[in-house]
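This report covers a set of local features in one chain, taken element by element. Please look at the sequence and structure below before reading on.

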Amino acid sequence: MAADGTLMLSLVEEFVSGLQDSKAKEAATCVKDGQFTILQLVEALGLSLTSSQPHTRARGVQLLSEVLHDCYGGLTEREVEVLIAFYENRLKDHYVITPPVLQGLRALTKCTVLPPGSAVSMLRSLFQDVHAQSLMLAERACVYNMLINLMATREAELKGLGADFVFGFVQSMDGERDPRNLLLAFQIAKSIILRGYDLGKFTEELFEVTSCYFPIDFSPPPNDPHGITREDLIQMLRDVLTGTPRFAEFLLPLIIEKLDSDVQSAKLDSLQTLTAGVSQYEHKDLAEFLEGLWASLRREVFQTSSEKIESAGLAALTALTSCLSRSVLNSDSEDSLSTFLDLVLKDCKHHLCEPDLKLVWPSAKLLQAACSASNRASHIITDAVMPSLIEQYNSRAQCSHRRTLLEVVQRFIQSVKTCENEESVFLAFRPSLCTMVFSALAETNSSLQITATSVLTSLAQQTGLLLDSDIELAVDHLTRLLLTEEDDRVSLAVVECAGALAELHPAAFITKLIPRLKKEIFSEPMDQDDNRVASEKKSHHAVRQRCLSALAAVAIQPSVVQESTPVLLDVLSSAHTGGVVFSVEEVVLACHSLQRIAERVQDTEETGRCFHDVVIPRLLSLALQAALQGEGSPGRRSPLVEEVVLSAMVPVISTSCSRLQPTLAGQTASRAVSLFLDGDVSFLPDNSFPSNIQLLKKQQGDSWSQSQMVCLLMGCVCSLPRSVEVPRMDHLMTELEEMSCTCSHPLSYTSAAKCFAGLVNKRPQGDSLDSLIQRTMKRVCSELDSASSPVRTQAFTLMIWVAKALLLRYHPLFTTLTDKLFSLLDDADLGPAAADAFWLLMSDSADILNRSCHADVRIMYRQRFFSENSAKLVQGFNAAPKEKKPNYLKALSNIVNKLPKQVQVTELPALLSLLLEALSCPDQGVQLSTLSCLQPVLIDPPPALIQQLEALVSRLLALISSPAMSVRITSLRCIHAISRFPEHEVLPFRARVLRALARPLDDRKRLVRREAVQARAEWFLLGSPGGS
Amino acid sequence: MSGGTQLENANPMVFQRSGDRLLTANDEDEDVHDPIDHREIFDLIRSISDPEHPLSLEELNVVEQVRVKVNDAESMVGIEFTPTIPHCSMATLIGLSIKVKLLRSLPDRFKIDVHITPGTHASEEAVNKQLADKERVAAALENSSLLEVVNQCLTPNRGI
């Protein structure tokens, strides 16, 4: 014990006189370990605490406070009481002692055993004896933290202090300037308001002391270690100011005043604060300020120069209106909502009658903002506005006026929220709105028609508004437009509108639209020998095109799908038989429409059956019939053997197999497998096929019409969910490998290779997969290694697709394939193809090996490939003979092009010299692909790029006189992007770039001139007043 | 355009913007020479912002394609512009913006003439004279506050 006593005395001595700050920690550890008590520490401090030197006393108190800071948890209530009494008393001592005293008190406020009444007495002493704002930053923070601690644990006691507490706080924070402390002070103020402390007569004082910081104007210093942002402060202060309706009478005039400001950010903050505030207010809080607020809001929207402010103003108006809508009316008070809306209508409504003047839109937006606030508001506004809009529409003759009016009407319809069981606000206007829309659809002006279709869509979305007869009339109009309207934009809008309407009202489309479209599709163009035949054929083709896409657009509900898919299938079969003449392009369109339906239809049993039992067997049957006729048959050849048509059928099959009814898809897959392996045609409709069909075997005389059908097999088996098994896998793989390595028809061997790869990708990991890959690799390599082999290209194609399949799933055998691929970059024949193959490896393929086909695609496989192989590529480049170098550069730019931007930016420094080299490579393909990989990086340039600016700019300026237009355009875009680099970095290049850009202003190609003009304009603005 | 200040013409007529120029097969053909034509010149100036409103000169009908004259072979460009009101104090500034935009965007072989549509402005002659005077234009652009306003009109997508 005696030893402890001396230890403590020496600690005290060394801290107080020796000024060794570390001793406080040691003392605290001793107290925590129980070596001595707080009482013993106080006794040991005795002399220092009673010293006549203020600095010694301060040092003594500081030691005690620091020990308390670490040990407050172990104190007893009695100890706390004594310590508080001591500290309260010390507050009256010399000013140098105040900081450690406050630290001690702060530690004590964290005690769980504060005796009753001590919180109040502490605060009384604090408010009485300390003038917070004459303290230093850290001590002020101490005061705020004390308040925060006590408010968290002793709320009831503090409330007992009444308004004195608020007054004390107001005095403490009055004049605070440090953002860190302001955040604390705002937090206290927010608690005072939200926890219901008595503000007494100090409401205005509390508002004043906080609102003087509004609007917040603070920009953190660069490299600010505290991480306080302007937004933090804005949000905290906003929470305080908008926390209680009792502030309304002070806040609203303040906002009106600040909205007058020239500073855009102040306006924005004011509007957002207003929006936040009124959500808690009642109409009586707002009453006397409504006119002023409206005048300000109106001005901001009428004269705005910024979209942000405009939308904030509109949001504020909506909030204001919905606040007024919440008010409960009683008999003697006026209806403040309608009074306010009268004000809005008075200022805005008449502008709606001037559809060619600027203010029509701001006025419409204001009215719509008010309209969207509540049901009552939308009734008041629409009742006042719609009749005059409709009347205007009917009396105006000019199309542009009518269109503006129609667009205004549309916005009104959209601004009103529809409720399930309430009747539409527009019910009363239904007849005149329908008349208006239908008359606009009957006009010849295309933009009027387009607007009318979107109004029609919005009307249909108002629940229960349109009658069945309206829908039927609408379908008639849409049908007419589809069949007659030549303008692409109109037909696009019509198709879109038909799709939206058909989803809600399928019946009318089934009975009216689809039969009409079918009739039109199957009608033959007029007399073939007519002179006008060319133009007529063209327009007939356009009509068919629109009908085909409309058939897809309306088919969202299963009932419509049942009606529209047979029409599309009939198109294919008539095209095959030649019953009705369809061009190849039309057949392709029919396939696209089937695909679109498969993509969007709901996945139900019904639609699944439709696709797996009807559509896919029909497609396979038709394709097989066409293939059996052969490519060389006398007379006309069926369009269904064309590559474009088959490639368009593939996604129909793969989309259905990947997303509709997995069980049925499995059934389709096994049917397809037995068709291709055994020639089993039993599931195909129109069954009159010969018995000896062998689709995967080498055909007589290199005929390709049957072998190319393998792409349909690919569409089916490669897109199944991974839970669905493909039967007879090994046999299938052997046949596919054989075909891909021996067939001479590009579509056939490529599809076989892709199908093989698609299956490899999904095969479970294990020895059988490994041996399969090794066997295939052996075969491929032996073909590739023999320079005279006639099937090198085939072997190469198979290798690339298998490589991709393995890359996606991170298979370890992938590296052997990459090594082979790298070695091929030096190959005389396949070198350029190998460079292009990197593009295929890195990009998503549309038909197989993607996520929608349920392929095994690991995240970030591109980054992985890049990080494992970029070094090899650089080495290969350095070692390669000069004429082979472009292959490496092309491979590199193919890889880098596809990397996510974050990776590009981090990897760029290592590759920059190579990429710059690639820019001066004479191969235009390499130039273009390098430029397009640089361009996105230039938008947010990494420092390494800025260091190489000189090299970059000179190479880019050299490329703007390239003979290839695309290179000129892309290099100009890059130069444009460089103008947004940090100004001090690029300013030195300004004169040189401006001179260089004068030449392309006179380029022979307009597209190049356009880029040059834009780039030069930006460079002119650089460093010029008002420029950036 | 802040606070309580009133605009000279607060509610002007707004005209429709023309769509982007349609791309033709010739535009993408390397071998065809595309001459500089009316539409191309009009596309250069139509998006210039009005100094007062957040609207383009095209939307205010200050510039129109029919009031653009161009002869690529003789390197001549003539623009007529129409102030929204006859007493518009911004007329010189608008003319200057058009002129600067063309100086920056056209090859220097072109002679550029910018003037007010006859009979549409009170001090038409004075403004035309200023715009035609090379030295006065150059001097105006030496004035940094004037240059600032011109640059703002020529900056795409104004506002914060």
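Glu310(A) is found in helix α18 (residues 307–326) of chain A; helices here are DSSP runs (H or I, at least four residues), numbered from the N terminus. With a relative accessibility of 14%, Glu310(A) counts as buried (buried means under 20% relative accessible area, exposed over 50%, partly exposed in between, with a 1.4 Å probe and protein chains only). Leaving aside residues up to four places away in sequence, Glu310(A) touches Val301(A), Thr304(A) and Lys365(A), contact being heavy atoms within 4.5 Å.

## Model and confidence

This is a predicted model, in which local features need pLDDT of at least 70 and side-chain atom pairs count only at pLDDT 80 or more, while totals for chains, interfaces and linings use all residues; side-chain values use heavy atoms, with hydrogens and water left out. Residues are numbered from 1 along each chain as its sequence is written, and chains are lettered from A and ligands numbered from 1 in the order in which they are written.

The average pLDDT of chain A is 88, and 97% of the residues score at least 70; pLDDT is the predictor's confidence in each residue, from 0 to 100. Among the elements of chain A, the lowest mean pLDDT, 77, belongs to helix α1 (residues 2–16), and the highest, 95, to helix α49 (residues 990–998).

## Two helix pairs

Two packed helices are described by the angle between their axes and the distance between the axes. For helix α33 (662–678) and helix α34 (residues 710–717) of chain A, the angle is about 155° and the axes are 9 Å apart (axes are lines fitted to C-alpha atoms, for helices over the stretch in contact, and angles run from 0 to 180 degrees between N-to-C directions). α33(A) is therefore roughly antiparallel to α34(A) (under 35 degrees counts as roughly parallel, over 145 as roughly antiparallel, 65 to 115 as roughly perpendicular and the rest as oblique). Thr668(A), Ala669(A), Ala672(A), Val673(A) and Phe676(A) of α33(A) make the contact with Val710(A), Leu713(A), Cys716(A) and Val717(A) of α34(A). By class, this contact has 8 nonpolar, 1 polar and no charged residues (Ala, Val, Leu, Ile, Met, Phe, Trp, Tyr, Cys and Pro count as nonpolar, Asp, Glu, Lys and Arg as charged, and the others, Gly among them, as polar).

In the second pair, the axes of helix α47 (residues 965–978) and helix α50 (residues 1006–1021) of chain A come within 9 Å and cross at roughly 15°, so α47(A) and α50(A) are roughly parallel to each other. The residues of this contact divide into 10 nonpolar, 2 polar and 4 charged.

## Loops and backbone

A cis peptide bond, with omega about -10°, joins Phe214(A) and Pro215(A). Pro215(A) is in the loop between α12 (203–211) and α13 (230–241) of chain A.

Gln661(A) has a phi near 45°, a positive value in a residue other than glycine, and is in the loop between α32 (643–659) and α33 (662–678) of chain A. At 16% relative accessibility, Gln661(A) counts as buried. Leu849(A), in the loop between α40 and α41 of chain A, has a positive phi near 55° and counts as buried at 5% relative accessibility. Leu467(A), in the loop between α24 (446–461) and α25 (468–484) of chain A, is partly exposed, with a relative accessible area of 40%.

Note on methods:
Helices (H or I, at least four residues) and strands (E, at least two) are DSSP runs, numbered from the N terminus.
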